[in-house]
Amino acid sequence: MSKFAKKKSGELPAVSTASLPDIVFMLLFFFMTVTVMKNSDVKVENVLPNASEIKKLEKKDRVITIYVGAPTREFQKVFGTESKIQLNDKFADASDVGDYILMERAKKPQELQNVLTTSLKVDKNANMGLIADIKQELRKVNALKVNYTTYEGDAFNNLK
Amino acid sequence: MADIAFLLLIFFLVTTTIETDAGLDRMLPRKTNEPITIDYQRKNILQLVLDKEGGLMVNEELIDLKDLREKVSQFVDNGGALRQDENYCAYCKGNADPTSSDNPKKAVVGINTHRETSYGTYIIIQNELVAAYNQLRNREAERLYETTYTDMEETYQKPGTSAAQKKELKNKIKHLQLLYPLNILEPQQI
């Protein structure tokens, strides 16, 4: 019987919870980094067309988005089924696009104001008439850089 | 324990990519008060008309959307000007048809759309145009720099590319774009 005989009880030691804060923080950081704040719900049908020769839109802070498409089911009663423009979270006319761009541009830092891109997220079933109107409005406010945002894929899938 | 947590945290930070949008980039023309008139010979314009049913006419001839890429690339790369002409195109490999474009720098593609044309069809046209031009630029890039235009653009966009490399690439890309400039004309809809 030595003094240092090991205590051999059959019980398992309790799981240490010392690392719990670490794990929680880790998860917190993880979600903090991957979550993209969405400032508006898309209220229009927004199935983008496919294209193969696409370029990535780098630098999210330099992009202004305009959605176009037929209103989704819940808004059809009020706004009909014709294609509509959505700016932020409101339906709008083509004539409002200029003001919207100017407003968004003013929100951006000075050094980015000249390098902004307008991303047109247009449903593939929308009509070109509306797009042409938007483009005219964009020219009026000198927002000349446009990106027709698409999914990657074979362009001929758009016909289906 | 904290080390492991940090390790995992960094791992996730590096591997998660926030979804980025992609699409076709275009520059709109500046707003002018007078309508833009262009002084061009008829043969230097490839007229595309998209009707509301999605049919495509190229120079008043109905064609399938799938043949557009070939048609555009033939038109742009035609090089119809004669050797002694100032517009002579030394690098073109086209048919040198005198009734088609003189020089890629002179060639203009006009896209006429109807108000009821669907956006999906319009994107096909835009996509095929870019594809045709990329094909020609790739060919020239291989001849001049032994790489492709699309690869060069990709390297340019990559975050790891150094400033010196970027500058060099930019010059090369500019040069290729100058050889085959993408001239699109979109008249107002009727």
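## What counts as a contact

Two residues are in contact here if their C-beta atoms, placed from the backbone, lie within 7 Å. Keep in mind that you're looking at a predicted model.

Which residues does Val68(A) touch, leaving aside its neighbours within four places in sequence? The list is Val44(A), Ser83(A), Ile85(A), Leu120(A), Val122(A), Asp123(A), Ala126(A) and Leu130(A).

## The largest core

Val68(A) turns up again in the largest nonpolar core, where Val68(A), Ile66(A) and Val72(B) are the residues with the most contacts inside it. That core has 50 residues. Its top contributor is helix α3 of chain B (residues 119-145), which supplies 11 residues.

## Getting to know chain B

Now for chain B as a whole. It has five helices and six strands, and from the N terminus on they follow the order α-β-β-β-β-α-β-α-α-α-β. The chain has 190 residues, and 27% of them are buried. Take the contacts in chain B between residues at least 6 apart in sequence: 57% of these join residues at least 24 apart.

Five strands of chain B make an open sheet in the order β4-β3-β2-β5-β6, and the pairing is mixed. Which strands sit at the edges? They are β4 (61-63) and β6 (184-185) of chain B, and each of them pairs on one side only.

Have a look at the β6 end. Strand β5 of chain B (residues 108-113) runs parallel to β6(B), and two bridges join them. Val109(B), for instance, has Ile184(B) in β6(B) as its bridge partner.

## Helix α3 of chain B

On the α3(B) side you'll find Asn134(B), Arg137(B), Asn138(B) and Ala141(B), which meet Tyr149(B), Thr150(B) and Met152(B) in α4(B). Sorted by class, this contact has three nonpolar, three polar and one charged residues.

## Where the chains meet

How many residues of chain A are in contact with chain B? There are 47, and they touch 41 residues of chain B. On the chain A side, the elements that give two or more residues are α1 (20-34), β2, β6 (117-122), α4 (128-140) and β7 of chain A. α4(A) gives the most, with eight residues. By class, this side of chain A has 23 nonpolar, 12 polar and 12 charged residues.

Strands pair up between the chains too. Strand β1 of chain B (residues 22-27) pairs in the antiparallel sense with β7 of chain A (residues 145-152), over six bridges. In that pairing, Asp25(B) is the bridge partner of Asn147(A). β1(B) also pairs with β2 of chain A (residues 55-56), again in the antiparallel sense, over two bridges. Here Ala22(B) is the bridge partner of Lys56(A).

Methods
Residues numbered from 1 in each chain as written. Chains lettered and ligands numbered in written order. Predicted model: local features only at pLDDT ≥ 70, side-chain atom pairs only at ≥ 80, totals over all residues. Pairing = 2+ DSSP bridges. Helix = DSSP H or I, 4+ residues; strand = E, 2+ residues; numbered from the N terminus. Core = buried A, V, L, I, M, F, W, Y, C linked by C-beta atoms within 7 Å. Buried ≥ 20, exposed ≤ 12 C-beta atoms within 10 Å, placed from the backbone. Nonpolar A, V, L, I, M, F, W, Y, C, P; charged D, E, K, R; others polar.
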